[in-house]
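Thanks for coming, everyone. Please take a look at the structure on the screen, and then I'll walk you through it.

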Amino acid sequence: MSKPSARAVASSTNGMKRRNRVMVLFTLPVVLLFSTFFTVPVILGVYYSMTNWTGIAKDYKFIGLRNYGNVLTDKRFWNAIFFNFKYTICLVIGVLVLSLLIALAINQLGKSSTVFRTIYFIPAVLSLVTVGLIWNELFLRAFPPIGKALNIGFLSTSLLGNPATAMFGILIVNLWQGCATPTVLFIAGLQSVPKDLYEAATIDGANAWQKFKNITVPFLLPIVTMLVITTTKGGLTIFDYIQSMTAGGPAQATEAIGILIYRHAMSEGKFAQSVAESMCLFVIVAIVSFATIKLSSKKQVGDD
Amino acid sequence: MRLSVGGKILKVVSYAFLILGALIILFPFFVTIITSLKTQQESAESFFALPSSFYLENFKSVFQKAGYFTYFRNSALITITSVVLIFLLDPMCAYGISRNLHKPYFKIIHYYLLCGIFVPFQVVMIPLVKYLGTLHLTSQLGLIIMHVTFASSQAIFLLVNYIRSVPPDLEEAASIDGCTTFGAYWRVVIPLVKPMTMTIMVLNALWVWNDFQMPLIILNKSAETWTLPLFQYNFKSQYTYDYNMAFASYLVAMVPVLIVYVCAQKYIVAGLTQGAVKT
């Protein structure tokens with residue numbers, strides 16, 4: 001093999017250098033945008049949460065962790081956290097059960113399922129606000145006459161108007177829209193199971209439940225994990241539906257943490273405290289996501 | 001086809017369940033359509049009756065009095081600009097990262113950008129209002145910038161994984177043939193990663209079009225800049241007595257997305273399911 005000439009080596013290292021520089025340039029716009037409009041606001045948020053700024057006043061001073069103390073002793077904050085956890089648990093169970101049932105049913109049908117797939121996915125493309133507003137009217141005007149006619153107590157007034165049932169009203173709307181994408185994911189999961197596994201199990205005399213438990217479920221577990229994480233995050237940060245349906249009412253029954261943050265900052269002059277609340281929300285979301293990942297990865301190993 | 005009795009029963013039950021579910025899904029659309037075509041008096045008499053005639057005044061008011069087209073134009077402008085910027089910036093950055101992951105700079109920015117996936121929007125929402133205010137960016141431009149910024153973490157995550165599965169041979173061949181790095185990227189890499197960029201663009205187009213929280217905190221003060229969801233939200237409090245007109249406004253707000261859904265169903269379903277890793 002002949003040695004490459006000195007010039008060729010020089011030009012190729014020059015080329016490498018230039019290529020490297022261009023590659024760095026490629027990444028710069030996104031890195032700069034991200035730093036300026038994401039990292040800086042996060043850092044500012046940490047700083048604001050340690051001041052006594054009202055959001056309007058010209059000057060404010062550093063007060064350390066006092067806002068966090070106020071947040072942690074605030075009944076409204078705990079009320080909101082409690083709402084979010086209650087709501088999230090119902091939402092996760094509801095989404096998993098409903099979308100798995102729909103996916104199993106659609107998977108049963110084979111070719112004739114296209115119409116159902118199309119219909120069941122429609123809600124996923126709509127704006128949460130529009131959906132919330134439409135259901136708001138339905139709860140107010142469409143269901144009460146039905147409830148009165150059938151003599152069902154809780155339906156004869158708007159679900160959203162009663163502190164005891166308002167959360168379920170929002171939950172119904174969220175499930176109506178929120179099952180669309182999980183259903184498609186479950187269908188894809190169901191179709192990834194090799195058919196011969198079922199055939200082999202049938203020959204071995206397994207019944208339908210045994211086949212579901214021992215063949216289908218292991219194939220669906222990664223999807224379940226992902227859905228638990230994303231739905232949990234969705235439930236803990238719910239905002240659009242509530243803002244467009246109840247705005248936190250009645251009597252703060254649906255005041256989720258997102259709504260509380262928004263209200264404190266935008267209309268109640270507690271800017272710094274609301275930023276401290278959002279930092280707490282961040283910690284909660286991080287812990288919950290981390291715990292879900294840990295728990296579900298353990299479960300997968302155990303089931304193998 | 002041979003089906004056992006159990007199989008037949010299962011099929012019947014599945015059909016019944018799915019038909020019931022489909023009716024529940026379609027019910028709000030049915031109510032929206034009939035109510036928007038009725039007068040207030042007709043609706044007061046019977047909420048569920050079909051309209052007796054094609055009464056179009058509700059739509060007329062939405063288009064003329066409420067100025068639907070202004071908000072439609074705002075939404076379209078913001079969505080298109082954001083998606084184009086995402087298409088121009090994110091694949092380029094992801095390409096740089098995925099071909100140089102062994103180098104410290106690229107490794108660090110990769111993790112740095114992925115951090116965004118774990119931070120919910122509400123964490124930065126409030127500081128952002130003040131920050132954009134000081135930068136004089138509480139405008140549509142500010143909103144576009146924020147959409148592009150918040151799209152980047154997920155886009156980088158999806159694209160880096162995708163590009164790494166594409167062997168670098170073709171780009172190397174192109175640069176040996178005298179292509180510049182950018183030329184090789186634009187002519188070779190972009191076509192190769194098209195399926196994933198399509199997914200990301202569809203996903204973000206829907207997200208930007210439907211987003212409510214960001215416009216609410218950035219644009220709410222100046223009515224002429226509102227997007228459709230924000231207009232809907234504010235419209236509710238203005239016309240609460242005239243719910244037939246409100247339903248007409250919901251219908252016209254849903255129609256554009258529904259048309260796109262019918263035309264591009266395959267891409268939209270793929271986009272939303274692959275992007276399910278998002279917040």
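Let me start with a term. A polar contact is a pair of N or O atoms within 3.5 Å; within protein, one must be able to donate a hydrogen and the other to accept it, and residues adjacent in sequence count only if both atoms are side-chain atoms.

Now some ground rules. This is a predicted model: local features need pLDDT of at least 70, side-chain atom pairs count only at pLDDT 80 or more, and totals for chains, interfaces and linings use all residues. Residues are numbered from 1 along each chain as its sequence is written, chains are lettered from A and ligands numbered from 1 in the order in which they are written, and side-chain values use heavy atoms, with hydrogens and water left out.

So, the interface of the two chains. How many residue pairs are in polar contact across the interface of chain A and chain B? The rule finds 18, with both residues at pLDDT 80 or more. Salt bridges between chain A and chain B number 0. By salt bridge I mean a side-chain nitrogen of Lys or Arg within 4 Å of a carboxyl oxygen of Asp or Glu. On chain A, helix α1 (residues 6-48) gives the largest share of the side that touches chain B, 24 residues. Helices here are DSSP runs of H or I, at least four residues, and strands are runs of E, at least two, numbered from the N terminus. By class, that side of chain A has 57 nonpolar, 21 polar and 6 charged residues. Nonpolar covers Ala, Val, Leu, Ile, Met, Phe, Trp, Tyr, Cys and Pro; charged covers Asp, Glu, Lys and Arg; the others, Gly among them, are polar.

In contact terms, 84 residues of chain A meet 90 residues of chain B, where contact means heavy atoms within 4.5 Å. Together the two chains bury about 7,800 Å², and 78% of it lies on carbon and sulfur atoms. Buried area is the accessible area (1.4 Å probe) that two parts lose on being put together, summed over both.

Next, chain B by itself. Chain B has 14 helices and 0 strands. Why is chain B called more spread out than a compact globule? Because its radius of gyration is 24 Å, well over the 19 Å that the globule rule gives for 279 residues. That radius is taken over C-alpha atoms, and the rule is 2.2 Å times the number of residues to the power 0.38. The C-alpha trace of chain B spans about 75 × 70 × 35 Å along its principal axes.

Chain B splits into domain 1 (5-55) and domain 2 (64-277), with bounds from an automatic or database domain assignment. Their centres, over C-alpha atoms, are 34 Å apart. Domain 1 of chain B puts 12 residues into the contact, and domain 2 of chain B puts in 10. These two domains bury about 840 Å² between them, 68% of it from carbon and sulfur atoms. In domain 1, B:Thr32, B:Ser36 and B:Gln40 lose the most area to domain 2 of chain B, together 52% of what that side buries.

Last stop, chain A. Over all chains, the salt bridge count comes to 5. One joins the side chains of A:Glu255 and A:Arg76, at 2.9 Å, N to O. This pair links distant parts of the chain, 179 residues apart. A:Glu255 sits in the loop between α10 (240-245) and α11 (257-266) of chain A, while A:Arg76 is in helix α3 (residues 75-109) of chain A.
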